[in-house]
Amino acid sequence: MRIFFVLLWCHLAVSASPAREAEPDKVSRPDVFLITIDTLRADHVHCYGYDRIRTPALDLLAEQGIRFTQAFTPSPVTNSSHTSIMTGLLPSSHGVSDFGVPLAPRYPTLAELLKKGGYRTAAFIGAVILDSKSLAPGLDRGFEYYDNFPEITTTKSRWGRLERRGMEVEQRAESWLNAHPAGAHFVWVHFYDPHDPYEPPPPYSEIYKDRPYDGEIAYADSALGHFLAYLKKQGWYEGSVIVVVGDHGEGLGEHHEDTHGIFLYDSTTHVPLIVKLPEERDAGRTADAQVRTTDIVPTILGLLGVAVPASLDGDSLEPFFTGLEAAPRTVFGETEYPLQFGWAPLRSIRKEGFKFIEAPKPELYDLRADPGESLNHYEPWDGTVQSLRRALAELSAKSPTTGKTLPAAVSASTIDELHALGYLGAADARSATDVPQSSLLPDPKDKIGEQNLLHIAMRASENGEPDKARVALEKVLQLDESSAIALRQLGRIEMASGSYANAAGYLQRAHDANPGDATVAIEYGRALESSGDLSGARDALLASLKLNPDQFEVRLQLGRVYLGLNDTIAAEDQFAAAVLLQPGSSEAQIKLAKALIHQKKFAEAVALLEAVAEPSSRNPEIFELLAQVYASLGRGQDAQRAQLRAKSLQNSKRPQ
Ligand SMILES: [Zn+2]
């Protein structure tokens with residue numbers, strides 16, 4: 001079979017044309033369908049031995065394919081994990097260690113490699129977390145169609161704005177396939193449903209009333225079932241390669257972790273992995289050796305006879321299909337997500353029945369005797385510790401991106417989306433991550449209670465339940481009275497509810513705890529300004545500008561505060577600084593002109609406004625100000641002309 005594919009691939013690589021392809025290609029090159037199910041613990045799937053759930057679609061694939069009982073993700077975070085699935089690289093190799101970090105072009109994706117071979121490629125995502133325009137730049141590479149979320153939505157609902165239900169994702173994939181039936185396909189479908197909040201639709205909400213997480217899994221399985229039924233109806237199922245994998249698991253309270261992202265225990269790294277081959281080859285086999293999700297790319301390329309890029313972190317799983325190989329593979333784990341909270345990142349290695357976790361308080365587990373990872377046997381002089389630690393250090397040493405990952409450039413609205421999904425972004429703990437050595441940061445084990453509460457608070461804020469969020473955040477402050485994240489969130493909640501003095505109180509504490517954080521200082525200044533304490537606002541904004549002088553918005557804000565304090569000279573300075581930062585900003589120029597007019601510096605104001613008031617200028621405010629200044633200078637005719645221009649621009653601005 002393998003040789004069959006290789007020969008056909010060679011033939012097609014020569015004859016493939018981007019134009020409509022002949023039907024025989026369909027027979028020769030198998031379609032490849034990659035299904036990722038978010039937040040799916042292996043031990044909550046029926047064919048993985050969990051008898052409290054029905055997952056008929058996954059069970060069917062396991063019957064007709066090969067089920068890997070011991071598959072692990074290198075990352076418990078959606079973006080990093082999916083990037084590893086798509087590149088065959090560890091996060092420390094591909095560098096996508098955080099939301100919004102772009103995947104560097106030098107790392108080819110599976111979609112790129114298959115598209116080059118003439119495949120039609122498309123991706124259908126279930127959450128904005130994988131949107132290539134905001135939080136997952138570069139993950140769309142190689143997909144001729146990548147089903148991002150709309151850039152502007154008016155809906156307040158999370159559905160369609162942040163998430164799509166599995167059935168919607170599946171329908172969108174079907175629509176695309178209906179419109180592009182010819183040629184071999186590589187289609188990636190991402191079901192986000194099991195991710196919290198656990199809100200399965202009926203009837204799963206009823207059947208799994210007491211276990212809504214299981215209800216979401218059962219629902220996602222039903223969406224998968226619909227997709228498989230569609231493939232069968234189209235006659236594409238039999239001949240296709242179908243890979244189903246979880247991107248990571250879910251803590252469900254194990255090790256005190258409610259969700260995922262912070263720890264590297266099996267609860268969040270052990271995932272289901274099922275590979276169905278064309279014509280049900282090797283159907284029903286189970287492979288019990290330890291494997292990795294980084295093995296998926298070389299497996300698919302191997303099956304298609306496509307050259308595998310050098311230096312992948314994974315290896316093809318093909319030897320396991322026939323039982324040729326049974327040797328367990330070394331599993332590495334990494335998470336930098338704790339850094340968003342100001343806590344130490346973690347690294348792990350799972351090898352020969354042991355797991356070692358490198359942390360400020362390191363951990364060693366004997367997985368054969370203690371699969372729940374509850375008894376830490378770490379001793380620095382232990383031989384197993386030393387050899388596993390060495391292997392981790394060697395991996396770090398050869399990682400191309402260690403310590404030089406591109407910072408995530410995400411907008412404020414994207415950060416809001418991230419919060420709505422229950423995550424923190426890089427901007428949330430900027431100052432905390434500037435420490436020279438991550439081992440000096442707190443161990444996440446000592447902080448997990450805070451993370452659970454912060455997660456509850458973010459969810460509650462998103463659901464419009466500020467009181468619930470307040471309670472959770474106050475509990476965080478009981479654990480750590482200077483938690484900048486909790487103080488800032490509380491400040492934001494109070495700002496949103498119009499309690500500006502309360503907001504200023506929380507933000508003052510956040511500012512005192514993080515005097516080096518320019519963003520906290522701005523938020524504090526805004527709260528003070530809103531509460532009417534203008535001199536306090538001035539000091540906070542000055543503190544922020546001292547840390548980072550190039551903040552355009554802060555310059556404008558401080559200028560406005562100075563005007564409120566009747567200090568027009570200082571206001572002029574700030575607006576002039578804003579104009580220097582953004583010379584093209586008419587907002588800054590108008591504000592500067594107003595400050596000049598305030599001081600009766602009419603000649604300067606005229607010079608500035610005339611420079612801005614080009615014939616093409618469409619802003620009536622500029623001409624109104626000009627009219628005012630001309631009048632003050634006794635230039636009546638000029639004033640009249642400017643006034644007329646302002647009027648006509650105002651009229652043309654009104655909707656017809
Ligand atoms: Zn995920």
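**Notebook: strands, a zinc site and a helix**

I began with strand β6 and found that the bridge partner of Val32 in β6 is Val241. The model is a predicted one, in which local features need pLDDT of at least 70, side-chain atom pairs count only at pLDDT 80 or more, and totals for chains, interfaces and linings use all residues. Residues are numbered from 1 along each chain as its sequence is written, and side-chain values use heavy atoms, with hydrogens and water left out.

**Entry 1: strand β6**

I noted that helices (H or I, at least four residues) and strands (E, at least two) are DSSP runs, numbered from the N terminus. Two strands pair if DSSP finds at least two bridges between them. β1 and β6 run parallel and are joined by 6 bridges. On β7 (residues 270–276), I counted 4 bridges to β6, and this pair runs antiparallel. There, Ile242 has Lys276 as its bridge partner in β7.

I then asked how many residues of β6 are buried. The result was 6 of its 6 residues, where buried means under 20% relative accessible area, exposed over 50%, and partly exposed in between (1.4 Å probe, protein chains only). In a regular strand the side chains alternate between the two faces of the sheet. In β6, Val241, Val243 and Val245 lie on one side and Ile242, Val244 and Gly246 on the other, all buried.

**Entry 2: the zinc ion**

Which residues coordinate the zinc ion? I found Asp38 (OD), Thr78 (OG1), Asp247 (OD) and His248 (NE2), at 2.0 to 2.1 Å. Donors are N, O and S atoms within 2.8 Å of the metal (3.2 Å for Na, K and Ca); water is not among the atoms, so sites may look incomplete. Asp38 lies in the loop between β1 (32–37) and α3 (56–64), and Asp247 in the loop between β6 (241–246) and α10 (266–269), 209 residues apart. Asp38 counts as buried because its relative accessibility is 0%. Asp247 also has 0% relative accessibility and therefore counts as buried.

**Entry 3: helix α18**

I checked the length of α18 (residues 500–513). Its 14 residues should span 20 Å at 1.5 Å a residue, and the end C-alpha atoms are 20 Å apart, which agrees. The expected span is 1.5 Å times one less than the number of residues. The buried residues of α18 are Ala503, Ala504, Tyr506, Leu507, Ala510 and His511. Their cover includes α16 (466–479), α17 (484–496), α19 (518–530) and α20 (534–547), by contact, meaning heavy atoms within 4.5 Å.
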